Amino acid sequence: MGQSESSPAATEKSTTIESSTTNPKSSTQTKTPSVKAKPYESKDQIIHSSIQPRHTQELKPEDILSIHEYHEIAKRKLPKMVYDYYRSGADDMTTLHDNISSYKKFKLRPRFLLKDVSQVQTKTSLLRGRGGNIDFPIMIAPTAMHRMANFEMGEKATCMASEKMGTIFCLSSLATTSLEQICHHVMESKGMKLEGEVTSPENQEKLKHHFKHWYQLYILKDRKFTEDLVRRVETFGYKALVLTVDAPKLGNRESDHHKFVY
Ligand SMILES: Cc1cc2nc3c(=O)[nH]c(=O)nc-3n(C[C@H](O)[C@H](O)[C@H](O)COP(=O)(O)O)c2cc1C
């Protein structure tokens, strides 16, 4: 399953994002670009659309305004092989393109003339309440191998970010942090360390009320392994299983074939 059971001790990293390349011209610039951004190669253009990101060289996470700026930072910081894995899709990336363009079809219809909007709330519940409650209607979809981007924290960092934002993280079956490690990490961060057997009534009660995340599952040919995995997911308090049914065969991701070309 590609899961690593051995994670080094979790240590919070400095939050300042620094460039991995030294560019004396832009290192003195912060948010206002005075040089033209490099044109993107054609496949990246699909993702960036027409928005010209700011220079992100010295942006701190709290200053980042858009997904485009995250993308720019990732492009500069990550090894090419890792960046290509995260940003690409299969073949001509038609579905990736469709996914992005379909969000543009959504329009927000203001209703302020008809309603009192001095108090608004974005909270919602999932699966008729049984999937949990979230502070705003966005969850974190399952994606594989976060420790390629952040070796120390990986999926723990993503999960803690979702906790901070009051939403739900769906852990991938191809995560590089085990489902048990994620659960222990979240519970400890809330001062609710699971003592002794995780199946004890006290621990199960804590998990029922204080662990809200979901788990993504592939149904593997080894049904016994799949069943045992589901039991572990259930024991560690994951609130929903997200079945991925569209991966009987891996996609032809062209950039992965070129992974050693720089
Ligand atoms: C780098 C990457 C890794 C992914 N890994 C998984 C995975 O391990 N399991 C899974 O079910 N889906 C995985 N997905 C699919 C996403 O969960 C999601 O369905 C897909 O990205 C479409 O949503 P989007 O348009 O919001 O990106 C992955 C997607 C990306 C881009």
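This is a predicted model: local features need pLDDT of at least 70, side-chain atom pairs count only at pLDDT 80 or more; totals for chains, interfaces and linings use all residues.
**Exercise 1. State which residues surround the ligand and how the shell divides by residue class.**

Solution. Residues are numbered from 1 along each chain as its sequence is written.

Step 1. A residue is near a molecule if its C-beta atom, placed from the backbone, lies within 6 Å of it. The ligand is surrounded by Y86, N99, A141, P142, T143, A144, S172, L174, Q216 and T244.

Step 2. Ala, Val, Leu, Ile, Met, Phe, Trp, Tyr, Cys and Pro count as nonpolar, Asp, Glu, Lys and Arg as charged, and the others, Gly among them, as polar. The shell then divides into five nonpolar, five polar and no charged residues.

**Exercise 2. Describe the surroundings of L179 and the core to which this residue belongs.**

Step 1. L179 lies in helix α7, residues 179–189 (helices, H or I, of at least four residues and strands, E, of at least two are DSSP runs, numbered from the N terminus).

Step 2. L179 is buried because 21 other C-beta atoms lie within 10 Å; the cut-off is 20 or more, with C-beta atoms placed from the backbone.

Step 3. Contact requires C-beta atoms, placed from the backbone, within 7 Å. Leaving aside neighbours within four places in sequence, L179 contacts L171, Y215, R232, V233, F236 and Y238.

Step 4. A nonpolar core joins buried Ala, Val, Leu, Ile, Met, Phe, Trp, Tyr and Cys residues through C-beta atoms within 7 Å. The largest has 20 residues, and L171, L179, C183 and Y215 have the most contacts inside it. At least two residues each come from β3 (170–171), α7, β4 (214–217) and α9 (223–235); α7 gives the most, with five.

**Exercise 3. Determine which residues of helix α6 are buried and what they pack against.**

Step 1. In α6 (residues 155–164), the buried residues are E155, K156, T158, C159 and S162.

Step 2. These residues are on the same side of α6, because they cover an arc of only 165 degrees around the axis, taken from the directions from the helix axis to the C-beta atoms.

Step 3. The buried residues of α6 pack against β3 and α7.Step 4. After α6 comes G166, whose phi is positive, near 75 degrees.

Conventions: A residue is buried if 20 or more other C-beta atoms lie within 10 Å of its own, exposed if 12 or fewer, and partly exposed in between; C-beta atoms are placed from the backbone. Two residues are in contact if their C-beta atoms, placed from the backbone, lie within 7 Å.
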